[in-house]
Each structure stands twice: as structure tokens, then as C-alpha cells.
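Please work through each task with the structure open before turning to its solution.

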Amino acid sequence: LERNGLVRHRRHKGTFVRDFDAADVRDLYETRRLLEKAAAAKVHRAPVAERTAAVLLRAMQQLESAIDGGEALAIVHADLGFHAAVVGMLGNSRVDAFFSTVATEMLYAIAILEATDRESKLRPREVLKEHREIFEAFTAADGHRAATLIDVHVDTNCSRLLRIIGTQPTDAADVTR
């Protein structure tokens with residue numbers, strides 16, 4: 001966590017969880033947008049490999065199962081797994097490695113959303129619908145629609161997180177344990 005910048009050690013003072021500021025949130029979501037839209041552009045230019053499509057299908061099924069189960073931590077991990085599968089459609093191991101670093105911060109961001117907005121309890125079907133639409137656009141090789149849906153999804157969640165960190169302290173500990 002320290003290597004990924006999520007905690008900081010201060011000599012003789014202890015360990016502290018890093019707060020996200022507005023610039024951090026915008027950078028994080030813009031990185032996701034760039035990577036996921038690159039995958040959308042790629043799927044629009046060429047058919048999706050069967051193996052890659054299977055990974056995305058499995059990620060979608062895991063998200064559905066997690067939402068059905070209603071356990072916040074499982075939903076957070078499945079949500080992140082879905083987005084990792086989208087980025088994985090680029091078929092680039094270096095990008096996948098880069099995204100795994102981004103995913104560590106995204107885990108924290110999604111956990112903040114979950115801990116504050118209780119998305120898994122209040123709007124599970126809407127969350128599932130958003131992801132299903134992105135999934136269907138990818139499987140239909142409709143890169144333009146996938147890109148549009150990614151923009152909406154990223155903008156919505158980035159705005160929600162900016163609202164949360166700007167108006168109240170958050171404690172994501174109960175989700176990330």
C-alpha cells in the first residue's frame with residue numbers, strides 16, 4: 001500500500017491512509033477512461049479474440065454473482081475485475097501491469113463510493129445495468145457505443161466521488177477489510 005501511495009509512514013507518528021484530493025480523483029478516472037476507451041477503439045477495429053471475450057464474460061458473471069450476493073467487498077472486487085477485463089481487451093501485458101497499479105487506487109476509490117453511498121444496497125440493479133450495457137457493446141464489437149457508455153460511467157462515478165470527498169469525511173475501512 002505504501003509503494004502504491006495509499007498509506008504514508010511518518011517517523012514517530014505512525015501510519016496514515018492517504019486522502020484523495022480532487023486532482024487525484026480526476027487523474028485516476030481519466031486514466032481509466034483512456035485505457036477503457038482504447039479497448040473500445042480496438043474492438044471497433046478488429047474482432048475480439050475468443051479468449052479475451054471469455055475473460056470479459058467471466059468478469060461480467062462474477063459481477064452479477066457478487067451483486068446477487070449483496071456483499072460489499074465482493075461487489076467492489078468484481079466491479080474492479082470487470083474494468084480490468086475491459087482493459088485486458090487491449091491484449092498488452094505492459095498495460096495490464098500498469099492497470100494493476102491503477103487498480104489498487106481504484107479499489108480504494110470504489111470502496112469509498114461503496115462505504116459512503118452504499119451502492120450495493122441502494123442501487124444494485126442500476127450498477128449491474130451500467131456494466132451490462134458496456135459488456136454488450138464490447139461483445140457486439142460496437143466500439144463507439146462502448147466508448148460513449150464508458151464516458152458516462154466514468155463521468156458519473158468520478159462526479160460522485162468528487163462530491164463525497166468534497167463534502168464529508170469518508171471511512172472506507174468497513175468495505176476494504
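**Exercise 1.** Determine which residues lie nearest the centre of the second largest pocket, and which elements contribute to its lining.

*Solution.* The second largest pocket is lined by 16 residues, and those nearest its centre are Arg-51, Thr-52, Gly-88, Met-89 and Gly-91. Two or more lining residues come from each of helix H1 (22-45), helix H2 (50-69) and helix H3 (72-88), where helices are DSSP runs of H or I with at least four residues and strands are runs of E with at least two, numbered from the N terminus. Sorted by class, the lining holds 9 nonpolar, 4 polar and 3 charged residues; here Ala, Val, Leu, Ile, Met, Phe, Trp, Tyr, Cys and Pro count as nonpolar, Asp, Glu, Lys and Arg as charged, and the others, Gly among them, as polar. The volume of this pocket is about 280 Å³, that is, the space filled by probe spheres set on grid points joined across faces, edges and corners. A pocket is an open set of points on a 1 Å grid over the protein atoms alone, where a 1.4 Å probe fits and protein lies on both sides within 12 Å along at least five of seven lines, and lining residues have an atom within 4 Å of a point.

Before going on, note the basis of these values. The model is predicted, so that local features need pLDDT of at least 70 and side-chain atom pairs count only at pLDDT 80 or more, whereas totals for chains, interfaces and linings use all residues. Residues are numbered from 1 along each chain as its sequence is written, and side-chain values use heavy atoms, with hydrogens and water left out.

**Exercise 2.** Describe the overall architecture of the chain, stating how many helices and strands there are.

*Solution.* The chain has 8 helices and 2 strands, and along the sequence they follow the pattern β-β-α-α-α-α-α-α-α-α. Of its 177 residues, 44% count as buried, meaning under 20% relative accessible area, with exposed over 50% and partly exposed in between (1.4 Å probe, protein chains only).

**Exercise 3.** Compare the span of H1 with the expected span, and list the buried residues of this helix.

*Solution.* H1 has 24 residues and reaches 34 Å from its first C-alpha to its last, close to the 34 Å expected at 1.5 Å a residue, the expectation being 1.5 Å times one less than the number of residues. The buried residues of H1 are Val-25, Leu-28, Tyr-29, Arg-32, Arg-33, Leu-35, Glu-36, Ala-39, Ala-40 and Val-43.
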